[in-house]
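Hi,

Here is the structure I promised to pass on.

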Amino acid sequence: MITDKQKREIVQAAKAYMIVKKVSQNQLARVAELIPAYVSDMMNGKLTTGTKNTPIKDQYFQKLANAVGYQLTKGLWWHIDTANYIKIANALHDGRADKMVRAVDGDTGLGKSEAIEHMMRENPVNTYCVECAGDQTAKSFIETVARSMDIKVAVNQYNLRRNISKKLLQEMDSQLIIDEAENLKDAAYASIKGIMDDVKGKSSIVLIGANEYQAHITKLADKNKTPFPQINRRIKEGGWIKLNKWSKSDLIMVCEEHHITDMDVIRILHKTCKNMGELRGAIIKLKTEMLNNPSATLFELSEILLAA
């Protein structure tokens, strides 16, 4: 639960972020993936929204905190540059620099979302990220991209795609990040190819997927299915980035950075945490319980909280 005091601190951090990054409330709402009206109420010190004074959920304050880099879990978790995080961050930074298409392929929970959050936080004005859903049609995908860029969708799909490209070209060092791209319908790639063609050499596009995303695209390209040969060729020009599988050595490195060296505790964490995201949650939970139960050992708490 986020306390009222923490909510006020989040708002103060957000106001400072807006000044430093020179962004509007609407731009902040886009980065945080929040409804602008919610952000407006938050900035005005309100904990409720709408005519019915509906309480603003903790999860929305958490999203705002993430967007501006405010840590609610101070002392419980800190960022670590794992090998996979560095790969993803480099793909995003290099793509922005050389304006070539890149694609990242890796399992869930390896740091992709965190790297995207960092890029959005550092470049809130000209970075656009869309998260693809499994039930999303090709038309709803391109409409989602447009909405993320504050582009009206009251035009046909072709003109909508052209308007997206136009906005990317108008902004300096713009970047479009397509996350969870493994969920994209094949038909959506026609619009993606069109955007690639429109902004080639002038804007960055990065696709991020899981579940053997590279193998999927390569298979369709090898079958010569339109437009996948062209899509795969564009990606190869910038590069496919393959993330490493989650390993025990990764877990041990993160644990050591968080001053967890008891091998029995590490064994339990390795048994229960299948990726970085799960490990983060487990470490925060353990450290929180240590604060609440100072007489208990970390091993005792790990057995109770994680071994079940």
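Val104 stands opposite Ile241, a residue of β7. Strands here are DSSP runs of E with at least two residues, helices are runs of H or I with at least four, and both are numbered from the N terminus.

This is a predicted model, with local features needing pLDDT of at least 70 and side-chain atom pairs pLDDT 80 or more, while totals for chains, interfaces and linings use all residues. Residues are numbered from 1 along each chain as its sequence is written, and side-chain values use heavy atoms, leaving out hydrogens and water.

Back to the sheet: its 5 strands run in the order β4-β5-β6-β3-β7, and the sheet is open with parallel pairing. β4 (127-131) and β7 (240-242) are at the edges with a single partner strand each, so one side of each has no neighbour in the sheet.

Now for two helices. The axes of α13 (residues 263-272) and α15 (residues 298-306) come within 9 Å and cross at roughly 20°; axes are lines fitted to C-alpha atoms, for helices over the stretch in contact, and angles run from 0 to 180 degrees between N-to-C directions. That makes α13 roughly parallel to α15, as angles under 35 degrees count as roughly parallel, over 145 as roughly antiparallel, 65 to 115 as roughly perpendicular and the rest as oblique.

Cheers

Conventions:
Pairing = 2+ DSSP bridges.
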